[in-house]
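Me: Can you walk me through this structure? I'd like to talk about charged pairs, then strands.

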Amino acid sequence: MEAAPFVNAKAHPFRSSSPALLLGRNGDICRRSLKFKSRKFSVRAAVNDGGSVVTLLDYGAGNVRSVRNAIRFLGYDIKDVQTPEDILNANRLIFPGVGAFAAAMDVLNQTGMAEALCTYIENGRPFLGICLGLQLLFECSEENGPVKGLGLIPGVVGRFDSSSGFRVPHIGWNAVQITKDSGILDDIGGRHVYFVHSYRAMPSNANKDWISSTCNYGDNFIASIRRGNVHAVQFHPEKSGNAGLSILRRFLDSKSDVTKPAGRKASKLAKRVIACLDVRTNDKGDLVVTKGDQYDVREHTKENEVRNLGKPVELAGQYYKDGADEISFLNITGFRDFPLGDLPMLQVLRNTSENVFVPLTVGGGIRDFTDGNGRHYSSLEVASEYFRSGADKISIGSDAVYAAEAYLKTGVKTGKSSLEQISRVYGNQAVVVSIDPRRVYVKDPNEVECKAIKVIIPGPNGEEYAWYQCTVNGGREGRPIGAYELAKAVEDLGAGEILLNCIDRDGQGTGFDIELIKLISDAVTIPVIASSGAGAVEHFSEVFTETNASAALAAGIFHRKEVPIQSVKEHLSKEAIEVRM
């Protein structure tokens, strides 16, 4: 995504004010950089905005629409930063950093924003950094580095350690431990907030005075900082439901009266319950939510019409109110229609994100494309359009299969696949790979080159083994690659999460394919979302207790109101499985 058109494009080099060196991983060195060799700025608060204007620093990467929508939802107007002076004149500044550390610092330095930010923050002006907006305050990051940060807070931003069994990225709803008077966090004690990141800053004696809360994920890392009017959080308040909105409300109006809900006892990373909406045009040209029976979305009637289960924006809004932890849109006409021309789907995202403050994922048709005029669009451009329209994550299906096949054949990462391009720019936490396998029974596991497992229930001819053949194009074409091999390959190529479907179980209501989910969730270190087959609340507790799945997704049982989302969560809670209530 291109950066916003800032006026001042002069770079401001860092000048170290301390001989102190910080050693990063593998001996990487980060030098503390607290001052700039450039003209001094003076801070002047904006006047005559009536207290209703929030200045937003959007440097042009990822989904900032959700932050905009949350601010407007709370009744405030937005002024976008165009020059460094806009930062210095702000009454309240929000910096929702997304994407990669190095790319963000490049933009800030080249546009003069880095110096202005430091001046603004050092003068104690009201500031809220979000996610990368927190990390950039530190001295440096090991992400593709070391890369120097703004140097305002001592410490190095390092990658989570997955060797102890914790999945990286850290994705989902986790608890925070408030360590001091935090101001904006007053209303979230005991509640889950939404994290999605692979890198974090660690507490130390040098930065302890900044820390206002920590979170535990393998180790205690810094979840938020505060010094006077300066705040920053590692999690996403704009994606944390009512708890997150209360944080933004507190920052925007410290006198706001927010009632803390009772009975919230968040203690660790919660298992996620995700509502999926398969979206396509029906025979009348209307965009509708549908649901397949083993991927067949048409009614078995004389008319053979597309199964219509509701309107996508309305259903997404209802699922948000019902407690869904994420909403996933699958544009199942994406493989036939050019994504950038799929304006109705983009509008669905825009409209949904106005009132839904949990993560939104969209998949379908995210691939390179050349239009009829010969103009080439990269998958990165396609994904960027989805992010700009309100998506937090994009899901890649068929294109990831082809990329994995090529990678396994040559052993070379070309960097040209949609998976590699998008994860490189937006981070692997923004990329989900959707796997659509079907079970193929064999008598002997040596019959196939792909990973085969011994099954509990034999096949139709008494076969004791099976492998999971991956498919493309909506399950219509089988490929010579197994789900196990695909999962490991896409993790290497940069996927941050796997959505694991199962054609055999789709729409059957007999439960998730536990053998498949266990196979894949044990094979990778990134989070796995279980999908296909849910028909009762017990199926959710089963998949969470018998596999390492991080989340479970369902569609039809929610659309047909057979099993409410809240019933699923109440059941999981009774089974001592941590969920966001």
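Me: Which residues are linked with Arg-272 in a network of salt bridges?
Reply: Arg-272 is linked with Glu-326, Lys-393 and Glu-497 in a network of salt bridges. A salt bridge here is a side-chain nitrogen of Lys or Arg within 4 Å of a carboxyl oxygen of Asp or Glu.

Me: What kind of model and numbering are we on?
Reply: It is a predicted model, where local features need pLDDT of at least 70, side-chain atom pairs count only at pLDDT 80 or more, and totals for chains, interfaces and linings use all residues. Residues are numbered from 1 along each chain as its sequence is written, and side-chain values use heavy atoms, with hydrogens and water left out.

Me: Back to Arg-272. What is the N to O value for its salt bridge with Glu-326?
Reply: The N to O value is 2.5 Å. Glu-326 sits in strand β21 (residues 326–331) and Arg-272 in strand β19 (residues 272–281), so the pair ties together parts 54 residues apart in sequence. Helices (H or I, at least four residues) and strands (E, at least two) are DSSP runs, numbered from the N terminus.

Me: Are Glu-326 and Arg-272 buried or exposed?
Reply: Both Glu-326 and Arg-272 are buried. Buried means under 20% relative accessible area, exposed over 50%, and partly exposed in between (1.4 Å probe, protein chains only).

Me: How many salt bridges in total?
Reply: The count is 19.

Me: Which residue does Asp-80 form a salt bridge with?
Reply: Arg-68, with the closest N and O atoms 2.6 Å apart. Asp-80 is in strand β6 (residues 77–80) and Arg-68 in helix α1 (residues 65–73), so this pair ties together parts twelve residues apart in sequence.

Me: Why does Arg-68 count as buried?
Reply: Because its relative accessibility is 15%. Asp-80 is at 27%, so it counts as partly exposed.

Me: Where do Arg-388 and Glu-385 lie?
Reply: Both are in helix α9 (residues 379–388), three residues apart, about one turn of the helix. Arg-388 is partly exposed because its relative accessibility is 35%.

Me: New topic, sheets. What is the strand order in the open sheet?
Reply: Four strands, in the order β10-β9-β11-β15, with mixed pairing. The edge strands are β10 (147–148) and β15 (199–201), each pairing on one side only. Two strands pair if DSSP finds at least two bridges between them.

Me: How many bridges join β9 to β10?
Reply: Two, and the strands run antiparallel; β9 covers residues 138–141. Cys-140 has Lys-148 in β10 as its bridge partner.
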